[in-house]
Amino acid sequence: MQFMLLFSRQGKLRLQKWYVPLSDKEKKKITRELVQTILARKAKMCSFLEWRDLKIVYKRYASLYFCCAIEEQDNELITLEIIHRYVELLDKYFGSVCELDIIFNFEKAYFILDEFLLGGEAQETSKKNVLKAIEQGDLLQEDGETPRSVLEEIGLT
């Protein structure tokens, strides 16, 4: 996978993850072009399109579009499954995820994506294992936010 974009029906970018090195200018150009292209397509049209030398796979869930760019030889159906699995993980974590969850908790959305995908490839296919890792990350973050006394730090309590 080259990159993943999440954007709203209004064309507002909500999340972007790039797995290939590109300049900011090129990223903005690609994003603008793809968002316009996908939003212009009718709802009943195929979720795959050939664009430049890549295949674009996208799916709309409620008010958000999830869009991935893959190599020509990559499997579109597996990419659709990856998008769906990411949505399921977001849904499980946030409890019926919506666009506002992504906006106000974007760091969690990125964290979930990073637990699921590594370098543009599915790292862990088990929802249970991904959610367990996210839960452990949340616990570590909570522990880091809890002030500890000096005695607790050195293990005397």
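**View 1. Crossing of helices α2 and α4.** In this predicted model, the axes of helix α2 (residues 76-94) and helix α4 (residues 106-116) come within 10 Å and cross at roughly 130°. That angle makes α2 oblique to α4 (under 35 degrees counts as roughly parallel, over 145 as roughly antiparallel, 65 to 115 as roughly perpendicular and the rest as oblique). Axes are lines fitted to C-alpha atoms, for helices over the stretch in contact, with angles from 0 to 180 degrees between N-to-C directions. Helices (H or I, at least four residues) and strands (E, at least two) are DSSP runs, numbered from the N terminus.

**View 2. The five-stranded sheet.** The open sheet has the order β2-β1-β5-β4-β3, with antiparallel pairing (two strands pair if DSSP finds at least two bridges between them). Because β2 (13-18) and β3 (48-51) stand at the edges with a single partner strand each, one side of each is left without a neighbour in the sheet. From one strand to the next, the twist averages 20°. Strand β1 (residues 3-8) is joined to β5 by six bridges, and Ser 8 stands opposite Leu 64 in β5.

**View 3. Surroundings of Ser 63.** Ser 63 lies in the loop between β4 (54-61) and β5 (64-71). Beyond its neighbours within four places in sequence, Ser 63 is in contact (heavy atoms within 4.5 Å) with Phe 7, Ser 8, Arg 9 and Glu 99.

**Notes.** Residues are numbered from 1 along each chain as its sequence is written, and side-chain values use heavy atoms, with hydrogens and water left out. As the model is predicted, local features need pLDDT of at least 70 and side-chain atom pairs count only at pLDDT 80 or more, while totals for chains, interfaces and linings use all residues.
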